[in-house]
Amino acid sequence: MISLIDIFKQILLEEKKKADRCKRIADRKYDKPSAYKSGAIVRCRKGNIWKGVKEGKYDDTSNFDLVKQNSFNIQKLVDKGIIFVSKPGDGKGGVGEPNWEGDASIITLKNLDNADPWMKISIKSPMPQAIPYTQKSQDKLFYNGKYNQILWSIEKKGLKPEDFYLSLKETDDPQSGKAAPYGSGYAKVKEIIQKILNEDESLYKWFKRSGPKGKEKGWVDCNTCKDGSCKSCGRKKGEKRSKYPSCRPTPAQCKTKGKGKKWGKTK
């Protein structure tokens, strides 16, 4: 026999599910917090509205794991009419003015399949200036439901989702919005290596310098210079020199002693 406590628990559980459902639907229909949104949630919980609104994979607002697996190229989605980055809803069933550059609504083709009136008005006022923010913040904006709406919209257009995923090059761009801790490992390492190669006294320049006369390359031993001609810094097998090599990139730089008091050590 079911106890009164079990029945009470079941009622509370059902009410909690109902409450969560109403809030999720309100989140989809109202872009910003408002008295209209709060009132709609209360009416929904009383069973007065949204009775026939079903929930599924397009309605999950609590998880953001899909976008972290594959981020989108937002500009491509906009160019193909798959999403609309436009003026935000005012929370009253109309369209408001943005409060800052990234304050925009992200309306999908799926949304327009059964759109609220304000969405149809909003898409007539695109906000291209908000695309960069949307790009770098999509891991916070695209909950699983929104992500699945985009996939649906891509397929509706007869296109492939992989054509809209960020490429390796785009992902490596620190401005792309991909959640990489250092911009991206590959791109950052490449950047560092390129910077080293461009340094005046880098290894790259070491091997590219003309060095001493002949085919030898590399730095020169300033302790061997005579009449502007110096031997290579590296000694050949069996070669002996009176002083330990004091190396500089070019013979011209041998004219300055630098910070040291002597050119090099004696034997």
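**The cysteine links**

Tutor: Let's start at C247, which is partly exposed at a relative accessible area of 24%; buried means under 20%, exposed over 50%, and partly exposed in between (1.4 Å probe, protein chains only). Keep in mind that this is a predicted model, where local features need pLDDT of at least 70, side-chain atom pairs count only at pLDDT 80 or more, and totals for chains, interfaces and linings use all residues. Residues are numbered from 1 along each chain as its sequence is written, and side-chain values use heavy atoms, leaving out hydrogens and water.

The partner of C247 is C233, with 1.6 Å between their sulfur atoms; a disulfide here is a pair of cysteine sulfur atoms within 2.5 Å. This link is right-handed, with 70° about the S-S bond. It connects distant parts of the chain, since C247 sits in strand β5 and C233 in the loop between β4 (229-232) and β5, 14 residues apart. Strands are DSSP runs of E, at least two residues, numbered from the N terminus. C233 is buried at 14%.

Next, C222 is bonded to C254, S to S 1.9 Å. C222 belongs to strand β3 (residues 220-226) and C254 to the segment after β5 (247-248), so this pair ties together parts 32 residues apart in sequence. Both C222 and C254 are buried, and their link is left-handed at -75°.

C225 and C230 form another disulfide, right-handed at 105°. C225 is partly exposed at 29%, whereas C230 is buried at 7%.

The search of the whole structure finds four disulfides, in the pattern 1-2, 3-8, 4-5, 6-7, counting bonded cysteines along the chain.

Definitions and conventions: Helix = DSSP H or I, 4+ residues; strand = E, 2+ residues; numbered from the N terminus.
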